[in-house]
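Here are my notes on this model, as numbered points. Please read them with the structure open.

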Amino acid sequence: MRHRIAVVGGGPAGLAFARVLHRHAYPVTVLERDPAPDARPPGGTLDLQEGLGQLALDKAGLLAEFRALSRPEGQAMRILDTDGSVLRDWRPRPDDRAHPEIDRGQLRDLLLGPLDIRWGRHVTQVVPGGREGVRVHFADGRQETFDLVVGADGAWSRVRPAVSPVTPRYTGVTFVETSLDDVDTRHPDLARLIGDGSLAVYGVNRAVVAQRNSGGHVKVYAQFRAPLDWHTDLDLEDAEAVRSSLLALFAGWAAPVLDLLRHGTAFAHRPLYVLPVPHTWPHVSGVTLLGDAAHLMPPLGAGANLAMLEGAELAESIATGPGDLDMAVRAFEEQMWERAERWARLTMAGLERLVSPDPAQALAVFDQVQPS
Ligand SMILES: Cc1cc2nc3c(=O)[nH]c(=O)nc-3n(C[C@H](O)[C@H](O)[C@H](O)COP(=O)(O)OP(=O)(O)OC[C@H]3O[C@@H](n4cnc5c(N)ncnc54)[C@H](O)[C@@H]3O)c2cc1C
């Protein structure tokens, strides 16, 4: 029997879920708030790990296409001291496919493929327990009913309240994101400094990280510990004011590192929030969560990977299981909670050490995970 299944959100979690169902010729409705795929900038680069994001792509039949698009050289990582001296410089072997990088926009297009997305469908509430099924309410006043509603709608999920009362809390760390375009031509010195992958500089309670995307685009993240209202005297829409405030915050750091902020174009404010760990809920028939909606954690290379693998696993168990939707979802939730708790603890501990009063802690984090 084919159930009426909807997934709310067309991010990595929702698209991986829909794409694996599609591979099994199982119908699914994707409800996405954005009016079109290119309605907003897709965001920075993602590294997809073997056994996580890459496994999800394999389940979707997309691993070969991913390999053709991704950038194994993007696994390179250089760490500088705040005076500009090089502390570490890791380069991947040519055959290293452990966690190649891919632009988010490329990943989204790869997953979208033949999927039929309902764009511009802003879900406001999900109400389980009805005789006709789970009711989905939209911002335009319309309603629809499904047998299963999967919340893959990110940090500020509108599906989550149907299963759990928790809300994200601020970690005490804020990122301000900026970017450089056409870096190889316009800023060749910075291009050389960044290399093929990422550059990170760790100071006391702050860091600057630059990540190369494809096409000479670089995302730069100024990271620092601050109260949530650190910007009360600052107009976040005023790029020059934000730039000056960041240059003051990182005063005394090496000139090329500050140039990453000096040459940045627009600035986006991204305070980091997390969900409590562990985050579980008494099973609710007809509703579940995937990805950031279920386990928002610090952005240390796991969130999109887990989101995609969860989407692929839930889809596979629905499409290939014996047909009991509730049993498939219950089994999936147990597996997701256990794995997500492990990663949430790891990434929380990682954030504490990466943006910490002792920069040597940050170096130690990398020394533990990088081959010597
Ligand atoms: C700076 C930064 C760097 C990161 N780097 C990495 C990395 O290298 N590797 C990694 O694995 N992870 C990384 N992450 C984490 C990763 O971005 C997230 O974990 C991942 O995007 C979660 O995917 P998702 O599909 O659960 O949610 P999202 O990506 O947030 O997608 C949610 C989707 O739901 C839609 N939506 C939201 N609300 C509604 C609604 N009410 N109705 C309908 N649709 C709705 C949104 O428009 C969006 O399309 C990074 C995060 C940040 C901030």
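**Notes on helix packing, cores and loops**

1. H7 crosses H8 in a right-handed sense. A crossing is left-handed if the near helix is turned anticlockwise from the far one by less than a right angle, and right-handed if clockwise. Helices (H or I, at least four residues) and strands (E, at least two) are DSSP runs, numbered from the N terminus. The model is predicted: local features need pLDDT of at least 70, side-chain atom pairs count only at pLDDT 80 or more, and totals for chains, interfaces and linings use all residues. Residues are numbered from 1 along each chain as its sequence is written, and side-chain values use heavy atoms, with hydrogens and water left out.

2. Now the geometry of that pair. H7 (residues 239-249) and H8 (residues 255-262) pack at an angle of about 160 degrees, and their axes are 10 Å apart. H7 is therefore roughly antiparallel to H8. Axes are lines fitted to C-alpha atoms, for helices over the stretch in contact, and angles run from 0 to 180 degrees between N-to-C directions. Angles under 35 degrees count as roughly parallel, over 145 as roughly antiparallel, 65 to 115 as roughly perpendicular and the rest as oblique.

3. Which residues in H7 and H8 meet? Arg 243, Leu 246 and Leu 247 come from H7; Leu 258, Leu 261 and Arg 262 come from H8. Contact means heavy atoms within 4.5 Å. By class, the contact of H7 with H8 has four nonpolar, no polar and two charged residues. Here Ala, Val, Leu, Ile, Met, Phe, Trp, Tyr, Cys and Pro count as nonpolar, Asp, Glu, Lys and Arg as charged, and the others, Gly among them, as polar.

4. H10 packs against H1 as well as H11. With H1 (residues 12-23), H10 (residues 303-320) makes an angle of about 30 degrees, with the axes 7 Å apart. H1 and H10 are therefore roughly parallel. The crossing of H1 and H10 is right-handed. On the H1 side, the contact involves Pro 12, Ala 13, Ala 16, Phe 17, Val 20 and Leu 21. Their partners in H10 include Ala 307, Gly 311, Ala 315 and Ile 318. The contact of H1 with H10 divides into 14 nonpolar, one polar and one charged residues.

5. H10 and H11 (residues 325-354) pack at an angle of about 160 degrees, with axes 9 Å apart. This makes H10 roughly antiparallel to H11. Their crossing is right-handed. H10 residues in the contact include Leu 306, Glu 313 and Ile 318, and H11 residues include Phe 332, Arg 339 and Trp 343. This contact has 10 nonpolar, two polar and three charged residues.

6. Consider the cores. The largest nonpolar core has 63 residues, and Phe 17, Leu 57, Val 126 and Ile 318 have the most contacts inside it. Apart from it lies another core of 29 residues, including Ala 191, Ala 222, Leu 234 and Trp 253. A nonpolar core is a set of buried Ala, Val, Leu, Ile, Met, Phe, Trp, Tyr and Cys residues joined through side-chain atoms within 4.5 Å. Buried means under 20% relative accessible area, exposed over 50%, partly exposed in between (1.4 Å probe, protein chains only). Leaving out residues up to four places away in sequence, Val 126 touches residues that include Val 134, Arg 135, Val 149 and Val 287.

7. Is Asp 103 buried or exposed? Asp 103 is buried, at 13% relative accessible area. Asp 103 lies in strand S6 (residues 101-103). Beyond its neighbours within four places in sequence, Asp 103 is in contact with Gly 44, Thr 45, Arg 71, Asn 213 and Ser 214.

8. Gln 223 belongs to strand S15 (residues 218-225) and is buried, with a relative accessible area of 8%.

9. Asn 205, between strands S13 (198-203) and S14 (206-212), has a positive phi of about 60 degrees although it is not a glycine. Asp 182 also has a positive phi, about 55 degrees. The peptide bond from Val 277 to Pro 278 is cis, with omega near -10 degrees.
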